[in-house]
Amino acid sequence: MISETGKPSVNTTVPHPNIIEMHMLDLYKFFPTMTFSSCAMRVFYYPFTKVTILQQQQKEKEKLYKNITDAFAKIYRRQGVNGLFRGVTFRAFGQTLSSLTYVSTYEVVRELTSHPFIAGFTASCTASFINCPFDVVNQYVILLSKQASSQQEVQILKSLQPLRYPKEIRHGGRWILESSVIKDVGNRHGLKGFWRALPLLMINNGLHSALWWSSFEFVSGILANMYPEKSRVLRNTASGVISGFGVAIITNGLSITTTRAQVSQTSIQVAAMNLYRDEGLLTFLTKGLRPRLIQNILFSFLATLVYDSVKQFSLKEEYKSQVTW
């Protein structure tokens with residue numbers, strides 16, 4: 001399209017009133033701000049991630065924790081605040097790196113296909129490949145850094161994963177345990193040990209992401225029609241929380257199987273069969289669900305709030321008048 005001055009005109013019409021696409025953003029603002037925000041967000045909710053992994057790993061007949069409150073209380077009482085955040089640096093680095101890949105892939109595919117399900121699935125599969133090694137190492141760190149209060153707890157922890165280290169390594173300084181786990185997993189299983197259960201991880205995370213984005217756009221569209229006068233950020237945050245709640249329930253069984261397969265270094269089929277045989281179908285679907293719901297709702301709330309805020313900050317000048325907040 002040519003303007004009256006003879007120069008190509010730029011189409012600044014927003015294609016969807018509730019969606020801000022990549023071409024509408026100043027990327028020099030967007031990526032640095034997104035990196036910092038993503039890292040801060042991962043650190044903030046890390047304790048919930050840690051408790052979720054611990055509860056998913058424990059067996060029904062050999063419980064380390066009765067519930068989420070008991071888990072937080074025991075970890076804090078024995079190890080203090082440091083215990084709640086042990087391993088956060090390594091995990092946050094991996095997740096921040098993968099989240100930038102995720103955001104870039106999602107926005108590009110979403111703009112090309114106009115389909116949130118395809119974009120969400122593709123983005124998550126790409127990010128999962130990058131994050132998988134960090135995930136595997138961090139799950140070992142969470143189990144190995146836990147302080148047992150009795151000989152029974154020591155035996156339970158030993159049954160959950162195969163690695164053995166002396167106390168000075170398990171409770172040593174930063175990166176000591178992580179570097180030891182990386183060395184051991186590499187020596188025992190080679191590179192494939194760091195990408196254990198990757199197909200299931202991609203299916204689990206891809207399905208989670210695809211369903212989340214699809215339901216998010218569906219719910220946010222309904223809320224935009226019902227409450228057009230309300231803040232866009234408020235509507236989107238509410239949509240994110242609703243989507244996070246539903247998707248966490250649907251994908252919980254896949255999440256448990258993935259975690260078990262990665263830590264036990266067994267195949268996906270063996271991990272699923274052992275989980276079903278030892279703990280039954282109901283536990284298979286609901287184990288660790290409460291902390292995962294809290295984690296997912298909290299993450300959805302923060303992710304939507306942060307993502308919308310970063311997009312608002314990074315929006316190009318020519319689009320600012322067309323987007324309401």
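The model is predicted, and its chain has an average pLDDT of 82.

- A pLDDT of at least 70 is reached by 89% of the residues.
- Residues 1-17 are another matter: their pLDDT is below 50.
- In the model, this stretch makes 19 contacts beyond near neighbours in sequence.
- Where pLDDT is low, the predicted coordinates should not be read in detail.

- Helix 5 covers residues 116-144 and helix 10 covers residues 232-264.
- Their axes come within 10 Å and cross at roughly 80°.
- An angle from 65 to 115 degrees counts as roughly perpendicular, so helix 5 and helix 10 are roughly perpendicular to each other.
- On the helix 5 side, the contact is made by Cys132, Asp135, Val136, Gln139, Tyr140 and Leu143.
- Helix 10 brings Thr259, Gln262 and Val263 to this contact.
- Sorted by type, the residues of the contact are five nonpolar, three polar and one charged.

**The nonpolar cores**

- The largest nonpolar core has 31 residues.
- Tyr140, Leu144, Leu163 and Val181 have the most contacts inside this core.
- Two or more residues each come from helix 2 (46-57), helix 3 (68-84), helix 4 (88-113), helix 5, helix 8 (176-189) and helix 9 (198-226).
- Helix 5 gives the largest share of this core, nine residues.
- A second, separate core has 28 residues, including Tyr102, Ala123, Leu302 and Val310.

- Phe90 sits in helix 4, while Phe134 lies in helix 5.
- These two residues are 44 places apart in sequence, yet their C-alpha atoms are 7.1 Å apart in space.
- With a relative accessible area of 9%, Phe90 falls under the 20% cut-off, so Phe90 is buried.
- Phe134 is buried too, with a relative accessible area of 16%.
- Leaving out residues up to four places away in sequence, Phe90 touches Phe134, Val137, Trp175, Glu178 and Ile182.
- One of these, Val137, is 47 residues from Phe90 in sequence and 8.7 Å away, C-alpha to C-alpha.
- Counted in that way, Phe134 touches Phe90, Phe93 and Gly94.

**A buried asparagine**

- Asn296 is found in helix 12, which spans residues 289-314.
- Is Asn296 buried or exposed? It is buried, with a relative accessible area of 8%.
- Apart from residues up to four places away in sequence, Asn296 touches His208, Gly244 and Ala248.

**Loop residues with a positive phi**

- Ser114 is not a glycine, although its phi is positive at about 60°.
- Look for Ser114 in the loop between helix 4 and helix 5.
- Ala197 also has a positive phi, near 60°, in a residue other than glycine.
- The loop between helix 8 and helix 9 holds Ala197.
- Ala197 is buried, with a relative accessible area of 9%.

Notes. Residues numbered from 1 in each chain as written. Predicted model: local features only at pLDDT ≥ 70, side-chain atom pairs only at ≥ 80, totals over all residues. Heavy atoms only, no water. Axes fitted to C-alpha atoms, helices over the stretch in contact; angles between N-to-C directions. Helix = DSSP H or I, 4+ residues; strand = E, 2+ residues; numbered from the N terminus. Parallel < 35°, antiparallel > 145°, perpendicular 65-115°, else oblique. Contact = heavy atoms within 4.5 Å. Nonpolar A, V, L, I, M, F, W, Y, C, P; charged D, E, K, R; others polar. Core = buried A, V, L, I, M, F, W, Y, C linked by side-chain atoms within 4.5 Å. Buried < 20%, exposed > 50% of the residue type's maximum accessible area, 1.4 Å probe, protein only. pLDDT = per-residue confidence, 0-100.
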